[in-house]
Amino acid sequence: MVNLNTVAPKNNRDYYIALGLEGSANKLGVGVVKHPLLPKHANSDLSYDCEAEMLSNIRDTYVTPPGEGFLPRDTARHHRNWCVRLIKQAIAEAGLQDPALDIDVICFTRGPGMGAPLHSVVVAARTCSLLWDVPLVGVNHCIGHIEMGREITKAQNPVVLYVSGGNTQVIAYSEKRYRIFGETLDIAIGNCLDRFARTLKIPNEPSPGYNIEQLARSAPHKDALVELPYTVKGMDLSMSGILASIDSLAKDLFKGNKKNKILFDRQTGEQKVTVEDLCYSLQENLFAMLVEITERAMAHVNSNQVLIVGGVGCNVRLQEMMAQMCKDRANGQVHATDNRFCIDNGVMIAQAGLLEYRMGGIVKDFSETIVTQKFRTDEVYAAWRD
Amino acid sequence: MALPMAEYSAPDGVNKSFVPIPDDPRYLTTEGRTTGPSDHVLNAGQIDRDKPSEPKRVQGGTQMTYLGQLRTQLTGLQDDINEFLTERMELAKNKKKKADADEKRIQEEINQLLDGGDAEEEAD
């Protein structure tokens with residue numbers, strides 16, 4: 001049992017308020033979360049049920065032209081130039097009159113992520129902390145996703161599939177830490193999808209992965225999957241080979257290379273596969289790999305709940321495939337959130353940071369606020385969990 | 001109003017102070033010369049919608065507020081620092097290039113001498 005009320009709210013109030021700042025990749029998110037102070041949290045294991053209220057959840061995405069990724073320097077510039085505007089907007093939307101009096105804690109993403117954008121955001125967090133005399137909490141981005149997912153879905157102790165542009169991990173909680181059961185050996189799933197979108201030169205708005213999902217839906221030959229190198233190694237998976245393979249197919253398709261027997265009929269030279277088919281096959285292949293390792297992790301920890309978090313977690317096809325697997329297991333359940341909470345956002349950082357704050361964990365010196373590109377999920381001591 | 005300033009010192013003895021000049025146009029804008037989008041994204045067709053906001057002015061007037069003024073001065077100061085550091089990096093790069101070329105030349109001379117030695121030994 002843990003006492004989530006270890007630290008009392010500011011000014012003898014009966015609630016806590018946290019401001020969360022996220023900027024580890026191309027999304028800049030600012031959110032405000034409110035937790036009521038409840039006696040049931042004094043001696044329990046209810047960190048998934050804080051009765052959290054999202055007072056504001058503002059996000060602005062740095063979008064690049066089709067065929068281009070986001071560079072650290074330009075992404076950091078976007079965050080630097082929008083951060084103050086978004087903080088003002090989030091505070092106004094949350095109805096906070098005086099941040100110095102109203103906010104208990106400022107939470108920021110300490111890592112993992114891209115160094116330069118992380119740095120832009122932490123400078124804003126430090127400035128607000130000094131300006132308002134409010135303590136800081138540095139949050140692991142992955143833990144932010146997990147705690148937000150648990151709070152929204154009320155999944156008590158799920159196996160977590162964390163799938164995003166920079167991360168692909170299967171995680172389960174044990175002994176005060178979120179343990180990584182399996183992960184990518186090379187690129188993340190979102191990165192694989194984004195890079196294929198760049199090859200196809202499809203728009204980056206609203207997101208490359210979403211546009212691939214839409215193309216895959218309209219694939220005309222769903223019954224004939226294009227064979228790709230399905231690569232699961234124990235609990236881990238590899239996606240760089242699949243990307244190289246599908247990239248080469250797409251290039252042959254654009255060039256009209258009739259020697260390619262996968263794409264064109266041997267006798268007639270007629271095109272057998274469309275861009276939509278490639279998107280469909282890529283998704284099916286990648287998601288099947290994810291489902292396989294998630295199922296194995298569920299068997300290991302004897303769990304029947306899966307929580308999908310991260311930007312790729314919004315993909316409806318992934319949710320369907322995971323639901324199918326869970327249906328085949330006894331009373332299995334899939335938990336997922338919509339794009340307000342799945343895609344990187346400020347409230348998830350506020351949620352995880354506030355849990356840590358309520359357990360007494362705050363930054364004591366600014367040297368502890370140095371951001372880091374490498375910060376593994378299992379490095380975090382989850383004091384708020386039993 | 002006190003001006004912001006920055007100090008640079010390096011182990012090789014280079015020291016420099018950066019102070020904005022209040023009326024210089026360089027220190028009266030929030031759009032820095034070195035803090036815009038990179039050429040790579042502009043060449044790819046990016047439309048810059050991430051410009052910094054204009055400095056805030058006193059209501060109904062043209063005079064900047066204290067924070068607005070501070071932002072413009074810091075923008076100019078950042079440009080000065082960026083230009084100075086870029087110059088330093090170029091110098092270091094050129095020095096390294098020269099050192100690498102010297103090392104290569106010396107190594108070639110040594111190799112030539114050694115080859116010559118081998119040839120003499122073989123002749124004996």
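I started with the "binding site" feature, which UniProt gives in an unreviewed entry as A:Tyr162, A:Val163, A:Ser164, A:Gly165, A:Gly166, A:Asp194, A:Gly209, A:Glu213 and A:Asn315. I'm working on a predicted model, where local features need pLDDT of at least 70, side-chain atom pairs count only at pLDDT 80 or more, and totals for chains, interfaces and linings use all residues. Residues are numbered from 1 along each chain as its sequence is written, while chains are lettered from A and ligands numbered from 1 in the order in which they are written.

I picked two of the listed residues. Where does A:Gly166 sit? I found A:Gly166 in the loop between β6 (159-163) and β7 of chain A; helices (H or I, at least four residues) and strands (E, at least two) are DSSP runs, numbered from the N terminus. A:Gly166 counts as buried because 20 other C-beta atoms lie within 10 Å. The scale is 20 or more other C-beta atoms within 10 Å of a residue's own for buried, 12 or fewer for exposed, partly exposed in between, with C-beta atoms placed from the backbone. Skipping neighbours within four places in sequence, I get contacts from A:Gly166 to A:Ala25, A:Pro112, A:Gly113, A:Ala188 and A:Asn191 (contact: C-beta atoms, placed from the backbone, within 7 Å).

Next I checked A:Asn315, which is in the loop between β11 (305-309) and α9 (316-328) of chain A. A:Asn315 is buried too, with 25 other C-beta atoms within 10 Å. Leaving out residues up to four places away in sequence, A:Asn315 touches A:Gly209 and A:Glu213, and both of these are on the UniProt list.

Then I traced the sheet. Five strands of chain A make an open sheet with mixed pairing, in the order β8-β7-β6-β11-β12; two strands pair if DSSP finds at least two bridges between them. β8 and β12 (333-336) of chain A are at the edges with a single partner strand each, so one side of each has no neighbour in the sheet. Ignoring direction, neighbouring strands here are turned by 25° against each other on average.

At one end I looked at β7 (168-174) and β8 (177-183) of chain A, which run antiparallel and are joined by six bridges. A:Ala172 is opposite A:Arg179 in β8(A). The two strands form a hairpin with two residues between them, and A:Glu175 in the turn has a positive phi of about 50°. At the other end, β11(A) and β12(A) run parallel with four bridges, and A:Val306 stands opposite A:Val334 in β12(A).

α9(A) lies across β11 and β12 of chain A, at about 155° to β12(A). Axes are lines fitted to C-alpha atoms, for helices over the stretch in contact, and angles run from 0 to 180 degrees between N-to-C directions.

Last, I zoomed out. Chain A has eleven helices and twelve strands, and 51% of its 386 residues count as buried. The contact with chain B takes eleven residues from chain A and twelve from chain B.

How values were computed. Two residues are in contact if their C-beta atoms, placed from the backbone, lie within 7 Å. UniProt positions are given in the numbering used here, feature names are shortened, and annotations may be inferred rather than shown by experiment.
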